[in-house]
Amino acid sequence: MKPISDSTITRRSFLRTSALATTVISGFPTIVPASVFGKNAPSNRINVGAIGTGRISRGHDLPGVWQYDNARVMAVCDLDSIRAEDAKKLVNDYYTKKTGKEYDGVRVYTDYRELLNNKDIDAVLVSTPDHWHAPIVIDAVRAKKDVYMQKPASLTIAEGRMMADAVNQSKQIVQVGSQQRSSEQFRYAAELVRNGRIGQLKTVYVGLPGDPSGDEEAQMPVPKNLNYDMWLGTTPDVYYTEKRVHPQVGYDRPGWLRCEQFGAGMITGWGSHHIDCAHWAMNTEHTGPVEIWGKADFPKSGLWDVHGIFRTEALYDNGVHMIVSNEIPNGIKFEGTDGWIFVSRGDGSVTASDPVAKQQAAKKLDASDPKLLTSVIGPNEVHLAVSKEHHGNWLESVVSRKQPIAPAEIGHRSCSACLLHHAAMKLNRKLYWDPKKEQFKNDPEANQLLSRPQRKEYAIKLAANQKNTLGK
């Protein structure tokens with residue numbers, strides 16, 4: 001992107017400077033039509049490319065963006081060429097139906113780096129498996145693209161720190177897909193806690209779903225439509241079997257979610273949501289626990305090897321004690337000296353295949369005293385940022401250049417906390433953490449878990465002007 005001069009203007013600078021000339025529909029901006037400015041005016045839409053077009057992309061991220069008139073999905077990318085073509089058809093069909101005219105404006109890529117080289121693309125959705133989140137976001141912000149990324153923020157704490165630093169240095173807008181921050185009940189619960197409605201906060205209970213183990217799976221030929229080597233990315237080269245990757249027919253829940261090679265299981269899968277919102281209420285968004293301990297059961301055989309039944313605990317510098325377990329009702333319970341508040345999605349989930357058992361009469365909000373849930377937050381009290389819809393909040397930030405409700409640094413800290421609980425599961429002993437240095441104290445064995453070896457051809461590289469701040 002060329003620097004702005006007196007005689008030139010870029011698409012992104014136009015979006016930013018024209019923000020004042022917008023009308024607001026449903027709380028988000030719609031840019032004034034280009035016809036107002038003449039045929040040579042810059043585009044009035046945010047051009048978006050989708051990287052990773054599986055279950056979460058099709059059911060959540062693409063619909064989350066294409067519903068807004070100030071955004072246009074113009075490109076899709078997937079390492080599975082069949083999925084990439086499916087996504088092209090999905091998007092084209094949506095715009096055909098929306099406009100009433102035949103639409104065929106979506107370009108297909110099978111290598112995200114080629115998509116990032118397209119100067120017409122302003123922003124990208126990153127809806128890939130967990131192990132690809134941080135590397136793609138780093139490359140995207142270096143390519144001057146704004147990003148909406150799925151959570152968790154990273155596979156390891158070291159990768160997350162590199163990602164957050166790269167985002168900060170780039171000045172790009174990055175929204176982490178912690179969409180519970182855009183749900184009214186989670187914001188209200190956090191405000192009630194922050195404003196002392198339950199007295200001094202003492203304990204936070206975080207309930208997460210669990211994941212079943214599986215059988216051994218035989219090696220299979222790699223489908224011709226899948227670039228399996230690149231799909232593995234930074235992680236070790238292991239044989240292909242369908243349940244390690246994703247279904248070759250349909251878009252059911254993929255097997256990689258239950259493989260530790262590509263993620264940590266539900267401790268980051270749903271933990272990134274609930275621990276993030278717990279941090280919001282605890283006012284610990286830029287730090288983390290100082291002590292972590294617990295245990296978990298891990299499968300002794302089978303392809304799927306993420307944690308099963310678990311209970312982990314953490315202590316924060318402010319004295320708050322957090323307990324995380326799959327045996328606690330799904331949601332977050334804040335317990336203080338004067339009562340408690342419970343918040344959850346109710347019976348909601350992101351996709352139909354999420355392994356979340358329906359709770360009988362599940363409530364989005366509950367409290368020790370029902371009067372707590374009608375409490376009005378006064379004008380001089382703590383009011384947290386309001387977002388009506390998570391993708392819309394991101395698009396609004398792309399225009400205004402103000403930080404979205406779930407920026408990269410906060411997403412990194414939430415993910416880090418989850419990974420600290422995972423480390424405690426692995427080592428089965430108490431760990432002591434320094435949130436400033438982002439290192440375990442006097443514990444070389446635990447510090448080995450901050451990163452993983454990366455295959456050379458896919459290893460994340462620091463930029464020339466980027467320092468590795470982890471542990472500094």
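Modeller: Ser 178 is buried, with a relative accessibility of 2%; buried means under 20% relative accessible area, exposed over 50%, and partly exposed in between (1.4 Å probe, protein chains only). This is a predicted model, in which local features need pLDDT of at least 70 and side-chain atom pairs count only at pLDDT 80 or more, while totals for chains, interfaces and linings use all residues. Residues are numbered from 1 along each chain as its sequence is written, and side-chain values use heavy atoms, with hydrogens and water left out.

Ser 178 sits in the loop that runs between β8 (174-176) and α7 (184-194). Helices (H or I, at least four residues) and strands (E, at least two) are DSSP runs, numbered from the N terminus. If neighbours within four places in sequence are set aside, the contacts of Ser 178 are Lys 151, Ser 272, His 273, Asp 276, His 390 and Ala 406; contact means heavy atoms within 4.5 Å.

For the chain as a whole, 73% of the contacts with a separation of 6 or more are between residues 24 or more positions apart. The chain has 472 residues, and 58% of them are buried. It contains 13 helices and 17 strands. Its accessible surface is about 20700 Å², with 50% belonging to carbon and sulfur atoms; these areas come from the Shrake-Rupley method with a 1.4 Å probe, and for residues only the protein chains shown count as cover.

Arg 197 and Glu 381 form a salt bridge through their side chains, at 2.8 Å from N to O. Arg 197 lies in the loop between α7 and β9 (201-207), Glu 381 in the loop between β15 and α11 (390-400), so that the pair links distant parts of the chain, 184 residues apart. A salt bridge here is a side-chain nitrogen of Lys or Arg within 4 Å of a carboxyl oxygen of Asp or Glu. Glu 381 is partly exposed at 28% relative accessible area. The structure holds 22 salt bridges.

Another of them joins Glu 409 to Arg 413, with the closest N and O atoms 3.3 Å apart. Both residues belong to helix α12 (residues 408-427) and are four residues apart, about one turn of the helix. Glu 409 is partly exposed at 24%, whereas Arg 413 is buried at 10%. The two are part of a network of salt bridges that also includes Arg 161, Asp 165 and Glu 438.

Strand β15 (residues 365-367) pairs with β14 in the antiparallel sense over three bridges; two strands pair if DSSP finds at least two bridges between them. Strand β14 (residues 339-343) has four of its five residues buried. It is also joined to strand β13 (residues 331-336), again antiparallel, by five bridges, and a hairpin of two residues connects β13 to β14. Val 343 in β14 stands opposite Ile 332 and also opposite Leu 365 in β15.
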